[in-house]
Amino acid sequence: MSGNRMRLALGLTLVALLWSPVGSGALGLAVLALAGAGLLLPAALRHSALWAALAGLAGLRVALDWPLPDNHAYLLAYWCLAAALALRASDPALELAASGRVLIGLVFGFAFVWKALLSPDFVSGDFQRFVWLTDPRFELATMRLGGLSFDALDANRAFLLGAPGAPGALELPPAFRVWTWGATIWTLIAEGALAIAFLAPQRLTARFRDALLLGFCVVTYAFAPVAGFAWLLLSMGLAQARPGRGWTAAYLAVAVLVLLYDQMPWSRLV
Amino acid sequence: MKTRRIAPGLLVAVACTQIVLAKTADLSPWLGGGFGMFATLDSRGERHLTILAESSGLLRELAMPPELEDQAERVRALPSPPRLQALARAILEREGDRVPGLRSVRLQLWKTQRTPGSLAYDEVFLREARVDVP
């Protein structure tokens with residue numbers, strides 16, 4: 001991996017920190033100041049101390065708010081720590097690529113274990129049905145793709161809340177059932193495949209690893225409202241991507257696409 | 001140990017701990033660094049705290065004091081008996097002067113449970129902490 005790609009990957013992480021700040025008060029300000037310094041000063045971006053400080057602040061935020069921080073906060077701390085350690089190594093780009101690859105594999109590995117093995121309500125499809133009906137962020141997509149009218153959505157929500165006068169059962173059109181089953185199966189297959197692709201020996205999976213991660217981000221983050229998490233994954237993905245300008249451009253393009261998803265949810269444009 | 005293994009090793013240690021806490025201490029699977037988000041209906045928002053104040057033989061439901069909301073959020077995320085007890089004690093300290101004849105505070109944790117398939121709503125009692133006025 002070239003040093004340029006490593007700098008791009010680290011820069012992408014810092015942009016994500018500026019765009020989607022972490023922590024509050026003095027801690028949040030310190031993270032913003034460090035991220036700004038890293039972007040403005042090329043020497044700071046490549047300095048282990050900057051990433052060690054970011055790792056420390058990210059870890060402190062997790063500790064202070066525990067158990068409330070979401071998984072994004074933990075992953076940020078691990079990634080900053082990996083960068084701090086890599087930048088002290090004789091071949092920082094190689095070290096960062098190795099850490100990024102394994103971190104991505106582990107994230108998807110544990111996500112897959114939770115969904116496939118530890119959560120019966122995910123495998124049964126109940127989770128996706130519930131989320132697409134109740135999460136206001138999915139409302140328009142549920143109506144457009146699932147074929148539910150606003151009144152039908154409202155009645156189903158009343159049932160789920162156990163409200164007086166609610167219908168006796170969910171009334172779901174076939175399109176909605178197909179859509180939510182599709183989301184369940186897609187998530188299981190994609191996350192399982194990503195875990196294998198990033199944790200299996202490189203010689204077996206290097207060919208399709210990047211395409212898988214990029215495809216996952218293009219599809220999943222069109223709906224999942226966690227753009228900051230997506231940018232962290234893309235930063236790690238870029239750090240470990242196969243040689244070639246094409247992959248670098250693809251990672252940057254998908255990062256921009258995720259930003260667009262976040263700022264202009266496509267379901268409002270259709 | 002190669003330095004490239006340190007961050008992934010930390011991730012594995014935290015995620016395994018999260019799984020253990022989720023399965024043994026009711027930590028919300030969405031939280032705790034185990035990457036269980038978007039995996040289960042058992043989120044913090046599906047857990048509810050009810051405060052019952054006992055005074056002169058009467059039970060009366062109280063609202064969560066705003067200054068204890070943050071602590072209550074943490075209890076909903078990881079409702080271990082000591083955390084529940086500590087929150088109940090904090091409620092008693094704040095409500096002692098406001099509720100005449102207050103004898104005890106009972107803090108109950110309820111969880112929304114969905115019938116598999118139909119997703120029908122039900123409330124299930126998980127646990128309770130009780131603190132008496134000394």
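A salt bridge is a side-chain nitrogen of Lys or Arg within 4 Å of a carboxyl oxygen of Asp or Glu. The views below show a predicted model.

**View 1. Salt bridge between Arg47(B) and Asp42(B).** The closest N and O atoms of Arg47(B) and Asp42(B) are 3.1 Å apart. Both Arg47(B) and Asp42(B) are buried. Over all chains, the structure holds 19 salt bridges.

View 2. Arg130(B) and Glu54(B) meet through their side chains, at 3.5 Å from N to O. Arg130(B) belongs to strand β4 and Glu54(B) to strand β1 of chain B, so this pair ties together parts that are 76 residues apart in sequence. Arg127(B) forms a salt bridge with Asp26(B), with 2.8 Å between the closest N and O atoms. Here Arg127(B) lies in strand β4, while Asp26(B) lies in the loop between α1 (6-24) and β1 of chain B, 101 residues apart. Arg127(B) is partly exposed, at 21% relative accessibility, and Arg130(B) is partly exposed at 41%.

**View 3. Helix α3 of chain B and its packing.** The 15 residues of this helix (residues 81-95) should span 21 Å at 1.5 Å a residue, which agrees with the 21 Å between its end C-alpha atoms. Its buried residues include Leu84(B), Leu87(B), Ile91(B) and Glu95(B). The buried residues of α3(B) pack against β1 (47-55), β2 (58-62), α2 (69-77), β3 (102-114) and β4 (121-132) of chain B.

**View 4. A nonpolar surface patch on chain A.** Val15(A), Leu18(A) and Leu39(A) form this patch, with about 200 Å² of accessible area together. Leu18(A) is found in helix α1 (residues 3-19) of chain A and is partly exposed, with a relative accessible area of 37%.

Conventions:
Residues numbered from 1 in each chain as written. Chains lettered and ligands numbered in written order. Predicted model: local features only at pLDDT ≥ 70, side-chain atom pairs only at ≥ 80, totals over all residues. Heavy atoms only, no water. Helix = DSSP H or I, 4+ residues; strand = E, 2+ residues; numbered from the N terminus. Expected span 1.5 Å × (residues − 1). Buried < 20%, exposed > 50% of the residue type's maximum accessible area, 1.4 Å probe, protein only. Contact = heavy atoms within 4.5 Å. Patch = residues over 30% accessible without salt bridge, like charges linked within 9 Å, V, L, I, M, F, W, Y side chains within 5 Å. Areas by Shrake-Rupley, 256 points an atom, 1.4 Å probe, with all protein chains shown as cover.
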